[in-house]
Amino acid sequence: MTQPLLQLEQVSKSFYTRPTAPYELFRWRRPARLSAVEQLDLTVYRGETLCVVGESGCGKSTMARLVMGLLHPDEGQINYAGQRIDHLKRHDRLAYRRRMQMIFQDPYTALNPRLTVLHCLLEPLLYHQPQLTEQEALEQVFQQLLAVGIDPALGQRFPHQLSSGQRQRLNIARALSVKPEFIVADEPLSALDVSIQAQILNLLQDTANQQNLTFLFFTHNLAVVEHIADRVAVMYEGRLCELTSSRNLFKHPRHPYTQALLEAMPQLTTSPQQGAKLMGDVPSRLQRPLGCSLQDRCPYANERCRHQVPTLFSHTDGGQTACHALQEGRIKP
Amino acid sequence: MMPLLHIDDLWVAYNGRGPNQPVQNMLHGISLSIQRGERVAIIGESGAGKSLLTMAIINLLQEGAFIRQGKIEFEDQVLNQLTPEALRLIRGRRIGMVFQDPMTNLNPLLTIEQQLVQCIRSHRRISYQDARTIALHKLRLVHIPAPESRLLQYPHQLSAGQRQRVTIAMALSLEPALIIADEPTSALDVTMQAEIMHLLNHLCQSNGVALLFVSHDLGLVAQHTDRSLIMYAGRIVEDGPTASLINDAQHPYTQGLIKALPQHSRPGSRLYQIPGQMPLPQQVGPGCAFAPRCPYTTERCLQQIPAPQGPGGHQASCHLLASDAAGDSHMGHTGGSL
């Protein structure tokens with residue numbers, strides 16, 4: 001728990017708009033910059049489950065892809081177990097691909113429709129461990145299938161012949177098949193129904209406990225976060241707002257955005273909740289205002305919030321928030 | 001008092017794919033009624049037939065699907081026997097719809113003003129200016145900032161939350177008696193979801209509009225509805241006041257759904273899981289649809305379809321409730337733990 005496994009240091013990534021229609025090619029216009037992730041500092045410790053929460057478009061998926069090396073950061077660096085891993089060559093990357101694996105959101109599009117269940121699991125295994133004989137590899141595949149609760153008799157089936165729950169199990173089996181130590185899961189539950197969600201959540205937790213895996217879990221579902229997370233990072237518009245232990249976050253949310261998120265979380269009570277705390281919409285990412293990105297929706301915003309971007313600062317209990325109002329004591333922490 | 005909407009033993013089926021293929025039943029004898037001003041939720045997993053039911057109510061079934069049997073009564077009219085012309089007078093005017101995806105729901109080629117005015121003027125003989133005034137008023141009702149300038153914009157210029165507000169404004173523009181909202185917030189973010197739910201609920205309550213709310217999320221509807229119906233594989237398995245349904249669920253499926261929510265278990269502990277998955281409505285066996293996944297299944301469950309049981313307004317379709325002695329000892333009480 002104390003040893004850092006993954007470190008992001010001042011990582012930024014921007015995208016540029018492209019002409020969307022042919023006639024736009026003839027109109028001179030500077031491509032607009034969309035900064036997806038901005039100066040992100042985050043450390044994931046060995047053996048913990050860190051959840052990243054945020055609304056759609058806040059940069060969660062970009063961050064997952066940066067960590068996995070599917071995108072390269074514009075600025076900053078990413079360290080894994082003490083080694084710098086951003087901008088690695090394809091060949092050098094290979095060693096890390098085996099140690100870190102990803103579970104994607106949509107269990108159907110993440111699977112190759114032309115590979116059977118067995119081939120889908122055999123491929124990564126034989127690619128990363130070419131010394132295995134086919135017999136040994138098959139044995140491992142069967143073990144993996146049993147471990148995630150898929151009947152090995154389904155081995156000859158194609159993804160379209162599986163149910164969505166089975167597909168997500170297969171995705172998890174594929175990620176686990178190369179025996180990684182670190183799993184990045186990008187919204188692995190959002191495409192599933194409630195009764196299947198519970199099955200998959202249990203499976204993820206069991207494997208994490210048995211194999212002492214480190215999880216970086218991206219989600220927008222706070223109930224899931226409360227259930228599995230050790231620490232939680234709340235993201236808004238590409239920046240971190242709050243980073244604290246799961247228990248503190250749910251008992252004592254500090255940042256105005258975190259408070260609003262918790263307020264908006266559907267509760268299984270029939271007593272009326274207060275209305276949403278935040279008014280207005282998420283601002284357009286292409287015209288980011290100066291200062292704090294929450295300024296237009298935050299009831300505590302003042303002149304400083306409109307001009308200066310808040311940075312993370314630590315509280316006495318180890319939690320970190322990025323908010324001028326909290327730092328100045330305008331909100332009681 | 002006559003209910004606003006009354007559905008009696010509704011069966012919806014699809015034609016078989018080939019000439020000799022049998023007809024496939026998708027909805028198996030749905031009965032429900034909604035009073036004026038009542039807020040009702042239909043909850044179920046994807047494929048349970050929730051959307052099919054709402055489409056059957058306003059007779060917008062897709063090709064191949066047809067109402068096999070049953071009656072849909074709405075304000076003294078039988079909807080499934082009306083001519084298309086008569087139906088058109090009801091859709092939009094008496095029954096408003098809010099669909100899931102606000103982008104595909106609005107016409108991308110028309111401005112907000114054109115759409116709203118078109119909608120109002122196709123049902124009421126009033127001048128363009130009057131219709132525009134109504135449209136503006138409805139946009140204010142749904143808290144759209146600067147509605148005058150929004151009227152001139154196209155759907156793609158609005159954010160997802162604002163688009164959904166426009167759809168709600170459109171559904172309200174003709175002062176319907178019933179609004180059917182089919183997963184109105186699933187395309188939206190959590191903070192926006194809370195706001196839209198609040199708005200929809202508030203507007204329906206203050207105008208006395210009945211709301212039929214379709215969702216897969218029990219937690220979301222808990223605070224916003226008076227009554228909930230749980231659907232499973234094309235049947236309604238439980239029907240009761242939302243509070244009593246959540247605190248004292250009778251059907252094993254409802255109990256399982258509530259127990260499976262992560263909100264209600266200790267962080268880090270194992271969640272309750274319902275084994276297996278929901279069968280397709282056309283593949284349900286002769287007995288109770290939930291029997292293959294139910295922890296209390298008996299021989300009878302596999303043979304015979306259970307009838308709704310229970311006192312007054314809270315009914316569940318389960319054999320265990322009929323044989324009460326066995327029922328009490330078998331079925332755990334979820335009420336206390338929630």
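1. Chain B, in this predicted model, is divided by the domain assignment into domain 1 (5-225) and domain 2 (255-330), the bounds being those of an automatic or database domain assignment. The centres of domain 1 of chain B and domain 2 of chain B, taken over C-alpha atoms, are separated by 30 Å. As to how the model was read, it is a predicted one, in which local features need pLDDT of at least 70 and side-chain atom pairs count only at pLDDT 80 or more, while totals for chains, interfaces and linings use all residues. Residues are numbered from 1 along each chain as its sequence is written, chains are lettered from A and ligands numbered from 1 in the order in which they are written, and side-chain values use heavy atoms, with hydrogens and water left out.

2. Between the two domains of chain B, nine residues of domain 1 are in contact with five residues of domain 2, contact meaning heavy atoms within 4.5 Å. The area buried between domain 1 of chain B and domain 2 of chain B is about 760 Å², and carbon and sulfur atoms give 67% of that area; buried area here is the accessible area (1.4 Å probe) that two parts lose on being put together, summed over both. B:Met26, B:Glu45 and B:Leu218 supply 48% of the area that domain 1 of chain B buries against domain 2 of chain B, which is more than any other three residues supply.

3. Across this interface of domain 1 and domain 2 of chain B the rule finds zero salt bridges, a salt bridge being a side-chain nitrogen of Lys or Arg within 4 Å of a carboxyl oxygen of Asp or Glu. The rule does find one residue pair in polar contact there, with both residues at pLDDT 80 or more. A polar contact is a pair of N or O atoms within 3.5 Å; within protein, one must be able to donate a hydrogen and the other to accept it, and residues adjacent in sequence count only if both atoms are side-chain atoms. Strand 2 (residues 24-34) of chain B gives four residues, the largest share of the side of domain 1 that touches domain 2, where helices (H or I, at least four residues) and strands (E, at least two) are DSSP runs numbered from the N terminus. That side of domain 1 of chain B divides into three nonpolar residues, five polar and one charged, with Ala, Val, Leu, Ile, Met, Phe, Trp, Tyr, Cys and Pro counted as nonpolar, Asp, Glu, Lys and Arg as charged, and the others, Gly among them, as polar.

4. The contact of chain A with chain B takes 36 residues from chain A and 43 residues from chain B. About 3,400 Å² is buried between chain A and chain B, and of this area carbon and sulfur atoms give 56%. Across the interface of the two chains the rule finds one salt bridge, formed by B:Arg270 with A:Asp206, whose closest N and O atoms are 2.3 Å apart. The rule also finds seven residue pairs in polar contact across the interface of chain A and chain B, both residues being at pLDDT 80 or more.

5. On the side of chain A that touches chain B, helix 6 (194-211), helix 7 (222-228) and helix 9 (256-264) of chain A each supply at least two residues. Helix 6 of chain A gives the largest share of that side, nine residues. By class, the residues of the side of chain A that touches chain B divide into 15 nonpolar, 15 polar and six charged.

6. Over all chains the count comes to 22 salt bridges by this rule. One of them joins the side chains of A:Lys60 and A:Glu187 (3.5 Å, N to O). Because A:Lys60 lies in helix 1 (residues 60-68) of chain A and A:Glu187 in the loop between strand 7 (182-186) and helix 6 of chain A, the pair ties together parts that are 127 residues apart in sequence.

7. Some loop residues of chain B deserve a look. B:Glu75, in the loop between strand 4 (65-74) and strand 5 (77-78) of chain B, has a phi near 45 degrees, a positive value in a residue other than glycine. B:Ala146, found in the loop between helix 5 (128-141) and helix 6 (147-151) of chain B, has a positive phi of about 45 degrees although it is not a glycine.
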